[in-house]
Amino acid sequence: MSNYKKIAEEALKKSLLGKQLKGEKRLNESVVYPENISERMNSKLEEDLIKRNHSLGNNAALPEGDDSLFEEKVMGERFSEVVKRYKRVFECDYVNETEVMRNSLPLVKETIELEKSHKNKLAELAVKMIREEFDVSEDIVEINAELTTEINIEGTKKNPRPIISEVEFENHDELTNANKEVYKRRFLNAMIQGSAKKCNHMYHMVDDELSDLDPKLPNKYSKLMANADYMYYIIPNMENGVSGGVVRVDFPTSKNPKCVITAQAMVFPVLIHELVKGVMEILSAHGLPKDKKIGKFVVDKADFLAAEPWDMRLGPALWSRFTNLFEAEDFSLKHHVFSELSALPVDEFNMKMKEVMANTTQGKKIITDIINEVKQGLQEEDANEAMNQEEGFYLEELMGGFDEGGNSNNEDFTDEGFDIGELF
C-alpha cells in the first residue's frame, strides 16, 4: 500500500485546498452550482470549465448552453449529487475537505483488510453481477476479475497524453473527418466512464451477500465511494496518481472467438467499475472508423490517461442525461441504445447526441425510435432457433458476429483487413 499512501500525500500537497480554506475568491459561482449547496469544487476546475480546458472541450456533440456552458450546468448537477451522497453517508451537514483528504487512505486500507479473506468470492460476485446486468453470455464473452493491490497496466495501451500518429491522409476531407472521429471517441469514452461510475454503486444490490461475508462491508463501501467521488472535485490533477483499477479488452481472434475482459482493482466497487467499462468498450467498438490507419489515429489521440479524471467528473452527468429519456419499462435496453448510437456516422452522431443531451422533444424521439428498432430486433432474435435466451443481450450481434473459427461476419472487420483488436 506504499504507492497508494504516496498518491494521497502528493494529492494533498498539490491540491489548492490551502488557498480554498483561506477564502480564495471563486469564479463565476452562479453558473456552476445549484442553489441548494454551499460546498464548492476546486477553483482550478472552475477555471478549466469556463475556459473549456477539459476532456470534452469544444466537442461537437455538446449542446448549446443558455446562461452558462452546458458542461458547467451538468458538472454542477453531478457535483450536487456527489455532495448529497457524501452528507447522507457520513451523516454531516457540511463537507469538510480536509476530512475528505484525510479519510481517503484509511478507508482504502480498512476496506482492503475487510476484503482480504473474501477476495475470490467478491471477484466471482462482481462477474455474476455484470453478467446479469448486461445479459452477457459465457459463450460470447470471457470475464476475468481479480482483487489485488498489485495493479498491472501492461497491455492497456493507455498513454499519459494524446499521441499523434504518423498518418498519410488521402486528402484534407479525410483528415477533417478523422479529427471529428477523435472528438466522437472522446465523448463516448466520457459516457463509458459515466456509466461505470453510476454502476460502481451496484454493490447496494447485493448487500445481503456482502453482509454474509462481513457485515461491515456495505457501510464501508458506501463511505469509501462517497469519499472517492468527492475527491475528484477537490483535486485537479487526479491523473498523477496510480489507478485503483484497470481493465483490458481483447477482441475475438482466430485462436479465441470470444471477447475477453480482464479487470483488476484494489476494492470491490472499483472492480465493478472496471468490468462495466470493459463491456461498454465492446459495445462502442463499432463507433470507430473502418479504416485501420484512421482507427489507430483516433484511438491514439482520444484514449489517454490525462482525460480520464474529467471523464469521471462529467461522464456520470452525461449518462444521466441519456438515461433520463428512457421510460421505466425500457430502461433495461439502455445499453443496446448506446451501442446503436455509437455506430452512427460522426455527423449524425453529433446531431443526435446534442438533442439527447439537451433532453429535447426531438432527443426523446431519437431514443424512442432506437428503442423500437431494438425491440424489433430482439423479437426477430427470439424467433431465430440459434438464440437460446428469451431476451438476451447478444454481444455477438452488436459486435457484428463471429463464426466458430473466430472470423468476423461483419464487413467492418474485413475491409482493408481491419481488426479492431489490433487497436487495443
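Colleague: Is His54 buried or exposed?

Modeller: In this predicted model, His54 lies in the loop between α4 (43-50) and α5 (70-90). Setting aside residues up to four places away in sequence, His54 touches Asp48, Leu49, Glu71, Trp310 and Leu314. Its relative accessible area is 11%, and since buried means under 20%, the word for His54 is buried.

Colleague: Where is Asn359 found, and what is its relative accessible area?

Modeller: Asn359 is a residue other than glycine with a positive phi, near 55°. Its place is in the loop between α15 (346-357) and α16. Asn359 counts as partly exposed, and its relative accessible area is 28%.

Colleague: How many helices and strands does the chain have, and what share of its residues count as buried?

Modeller: The secondary structure of the chain comes to 17 helices and 3 strands. Among contacts between residues at least 6 apart in sequence, 77% join residues at least 24 apart. Of the 424 residues of the chain, the share that count as buried is 54%.

Colleague: In what order do the strands form the sheet, and which of them stand at the edges?

Modeller: The 3 strands form an open sheet with mixed pairing, in the order β1-β3-β2, and the twist averages 10° from one strand to the next. Each edge strand has a single partner strand, so one side of each is left without a neighbour in the sheet. The strands at the edges are β1 (141-147) and β2 (245-250).

Colleague: Why is α8 described as roughly antiparallel to α14, and which residues make the contact?

Modeller: Helix α8 (residues 172-199) and helix α14 (residues 334-342) have axes 12 Å apart and pack at an angle of about 170°. Because angles over 145 degrees count as roughly antiparallel, α8 is roughly antiparallel to α14. The residues of the contact divide into 4 nonpolar, 3 polar and 1 charged. On the α8 side they are Lys184, Leu188, Met191, Ile192 and Ser195, and on the α14 side they are His335, Phe338 and Ser342.

Colleague: At what angle do α14 and α16 pack, and how do the residues of their contact divide?

Modeller: α14 and helix α16 (residues 361-382) pack at an angle of about 110°, with their axes 10 Å apart, and the two helices are therefore roughly perpendicular to each other. In this contact His336, Val337, Glu340 and Leu341 of α14 meet Ile367, Ile370, Ile371, Val374 and Leu378 of α16. These residues divide into 7 nonpolar, 1 polar and 1 charged.

Colleague: What separates the C-alpha atoms of Leu114 and Lys216?

Modeller: Leu114 is found in helix α6 (residues 97-115), and at 15% relative accessibility it counts as buried. Not counting residues up to four places away in sequence, Leu114 touches Asp214, Lys216, Leu217 and Lys220. Leu114 and Lys216 are 102 residues apart along the chain, and their C-alpha atoms are separated by 7.9 Å.

Colleague: How many disulfides does the structure hold?

Modeller: Cys92 counts as partly exposed, at 22% relative accessibility, whereas Cys199 is buried, with a relative accessible area of 8%. A disulfide would need a pair of cysteine sulfur atoms within 2.5 Å, and the number of disulfides in the structure is 0.

Key:
Residues are numbered from 1 along each chain as its sequence is written. This is a predicted model: local features need pLDDT of at least 70, side-chain atom pairs count only at pLDDT 80 or more; totals for chains, interfaces and linings use all residues. Side-chain values use heavy atoms; hydrogens and water are left out. Axes are lines fitted to C-alpha atoms, for helices over the stretch in contact, and angles run from 0 to 180 degrees between N-to-C directions. Helices (H or I, at least four residues) and strands (E, at least two) are DSSP runs, numbered from the N terminus. Angles under 35 degrees count as roughly parallel, over 145 as roughly antiparallel, 65 to 115 as roughly perpendicular and the rest as oblique. Contact means heavy atoms within 4.5 Å. Ala, Val, Leu, Ile, Met, Phe, Trp, Tyr, Cys and Pro count as nonpolar, Asp, Glu, Lys and Arg as charged, and the others, Gly among them, as polar. Two strands pair if DSSP finds at least two bridges between them. Buried means under 20% relative accessible area, exposed over 50%, partly exposed in between (1.4 Å probe, protein chains only).
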